[in-house]
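Visitor: Hi! Could you walk me through this structure in plain words?
Guide: Happy to. Let's bring it up first.

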Amino acid sequence: MTDRLAFHPIADPWTLIEGEQYDAMRESIRMVGLIDDILIYEEKVADGRNRYRACLDEGVEPRFTEWNGTEAALLEHLEAVNDARRHDQQAILQRRREQRVKRIADARVNGQSLRSIADTEGVSESQVRKDLESSTAHPQCAVENATNQA
């Protein structure tokens, strides 16, 4: 594994992702690997800071591409790819959450315990309860969950 690289200040306008977004990225990199190379400028990470962190956290060897253009062209590139990528990421996360909610509701209907579902999905029991409350796949799960908590 390479030495840890610093982040280039040109990327500062885009915040690092955290929480569910970052967990989803780590899972993707763990399962599929790194898809897009990490862009290096002046020996620092200019694009792909989140991918870089996720690679390091998951023990996946990052791949790098050196930016050979001007700083102004790099900034234009970063604006184009990051603005589009952030929008797509929200849609992906929403789809994954909807799929998880359906799996949780199906598992509950099939008699699985909250603990078993939480372990399978890699979430807390309280997250399972929240997902059941929001489930439209099996509305009886939300009612059953609320009744069991009373």
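Visitor: Which residues lie nearest the centre of the second largest pocket?
Guide: Those are D23, E27, R100, E121 and V123, out of 15 residues that line this pocket. Keep in mind that we are looking at a predicted model.

Visitor: And what volume does that pocket have?
Guide: The second largest pocket has a volume of about 440 Å³.

Visitor: Which helix gives the most to its lining?
Guide: That is α3, with 6 residues. At least two lining residues each come from α1, α3 (71-109) and α4 (114-121).

Visitor: How does anyone find empty space like that?
Guide: A probe the size of a water molecule is rolled over the atoms, and this shows where empty space is left.

Visitor: Where is V32, and is it buried or exposed?
Guide: You'll find V32 in helix α1, which covers residues 19-32. V32 counts as exposed because its relative accessible area is 61%, and the cut-off for exposed is over 50%.

Visitor: What about N50, buried or exposed?
Guide: N50 is buried, because its relative accessibility is 8% and buried means under 20%. Its place is in helix α2, residues 49-58.

Visitor: What does the side chain of N50 reach?
Guide: The N50 side chain reaches the backbone nitrogen of I17, at 3.0 Å.

Note on methods: Residues are numbered from 1 along each chain as its sequence is written. This is a predicted model: local features need pLDDT of at least 70, side-chain atom pairs count only at pLDDT 80 or more; totals for chains, interfaces and linings use all residues. Side-chain values use heavy atoms; hydrogens and water are left out. Helices (H or I, at least four residues) and strands (E, at least two) are DSSP runs, numbered from the N terminus. Buried means under 20% relative accessible area, exposed over 50%, partly exposed in between (1.4 Å probe, protein chains only). A polar contact is a pair of N or O atoms within 3.5 Å; within protein, one must be able to donate a hydrogen and the other to accept it, and residues adjacent in sequence count only if both atoms are side-chain atoms. On a 1 Å grid over the protein atoms alone, a cavity is a set of points where a 1.4 Å probe fits but cannot get out, and a pocket is an open set with protein on both sides within 12 Å along at least five of seven lines; lining residues have an atom within 4 Å of a point. Grid points are joined across faces, edges and corners, and a volume is the space filled by probe spheres set on the points.
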